[in-house]
Amino acid sequence: MFAKIFLGFVLIPLIDLYILVQIGSKIGTLNAIALCLLTAFVGAALAKSQGVATMQKVQENLNKGIMPAEDILDAVLIFLAGLVLLTPGFMTDIFGLLILFPVTRGYFKRILRSQFENMKNNPNIHVVHHNSEFTAWTNQEQPKRRIDHDVIDVEVEAKKEDKPLQ
């Protein structure tokens, strides 16, 4: 987990900075910054328009009673693309645009589906709340049913002379 956080917050910005400096040395610093800002604005506008269209499709499918699983996955990826596009840098802009285009988004959807499948098969949540067990045990075998010795099983029989409760 630390490696992923390190990659996301340190290594990727350093690579983006290196690419920005290299492009700036070729086309000029202000031109490189303007190009970086232009890709961010264009990408954000595309993400907004695609996001609105996707949310309308989600709403239409919900109104028809259809589960919009694919559309929700598209919406998550479009949102992620918008976030990545707003991060300054050419590498992040290219990555965001790849997520944003419907042709290449299918590849990222397959990756995301496989990640969801892995999380479903190997979840990592363990919940215990004030000595009461919750049945969402993961990363380990489900605990055996707890035997509570303070419980007394009682069977109730009604006598014939008893009046039924009303």
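In which helix is Ala-75 found? Ala-75 is found in helix H3, where helices (H or I, at least four residues) and strands (E, at least two) are DSSP runs numbered from the N terminus. This is a predicted model, in which local features need pLDDT of at least 70 and side-chain atom pairs count only at pLDDT 80 or more, while totals for chains, interfaces and linings use all residues. Residues are numbered from 1 along each chain as its sequence is written, and side-chain values use heavy atoms, with hydrogens and water left out.

**The chain as a whole**

Let us start with the overall layout. The protein chain holds five helices and two strands, arranged along the sequence as α-α-α-α-α-β-β. It has 166 residues, and 21% of them count as buried; buried means under 20% relative accessible area, exposed over 50%, and partly exposed in between (1.4 Å probe, protein chains only). The accessible surface of the protein chain is about 13,600 Å², with 65% belonging to carbon and sulfur atoms; such areas come from the Shrake-Rupley method with a 1.4 Å probe, and for residues only the protein chains shown count as cover. Among contacts in the protein chain with a separation of 6 or more, 46% join residues 24 or more positions apart, a contact being heavy atoms within 4.5 Å.

Two of the helices can be set side by side. The expected span of a helix is 1.5 Å times one less than its number of residues.

| Helix | Length | First to last C-alpha | Expected span |
|---|---|---|---|
| H2 | 36 residues | 52 Å | 52 Å |
| H3 | 18 residues | 26 Å | 26 Å |

H2 covers residues 29–64, and Gly-65, which follows H2, has a positive phi near 85°. The buried residues of H2 include Ala-32, Cys-36, Gly-43, Gly-51 and Thr-54, and the buried set packs against H1, H3, H4 and H5. In H3, the buried residues include Asp-71, Asp-74, Ala-75, Ile-78 and Leu-85; their cover includes H2, H4 and H5.

Now back to Ala-75. Ala-75 counts as buried because its relative accessibility is 17%. Leaving out residues up to four places away in sequence, Ala-75 touches Thr-54 and Met-55. Ala-75 and Thr-54 are 21 residues apart along the chain, yet their C-alpha atoms are separated by 6.1 Å.

Asp-74 also lies in helix H3. With a relative accessibility of 10%, Asp-74 therefore counts as buried. Beyond its neighbours within four places in sequence, Asp-74 is in contact with Thr-54, Arg-105 and Lys-109.

On the H2 side, Ala-53 is found in helix H2. Ala-53 is at 38% relative accessibility, so it counts as partly exposed.

**The largest pocket**

The largest pocket holds about 720 Å³ of space. Of the 19 residues that line the largest pocket, Lys-4, Leu-80, Phe-95, Ile-111 and Leu-112 are the closest to its centre. On a 1 Å grid over the protein atoms alone, a pocket is an open set of points where a 1.4 Å probe fits, with protein on both sides within 12 Å along at least five of seven lines, and lining residues have an atom within 4 Å of a point. Grid points are joined across faces, edges and corners, and the volume is the space filled by probe spheres set on the points.

H1 (2–27), H3 (69–86), H4 (90–100) and H5 (102–121) each supply at least two lining residues, and H1 gives the most, with six. By class, the lining has 16 nonpolar, two polar and one charged residues; Ala, Val, Leu, Ile, Met, Phe, Trp, Tyr, Cys and Pro count as nonpolar, Asp, Glu, Lys and Arg as charged, and the others, Gly among them, as polar.
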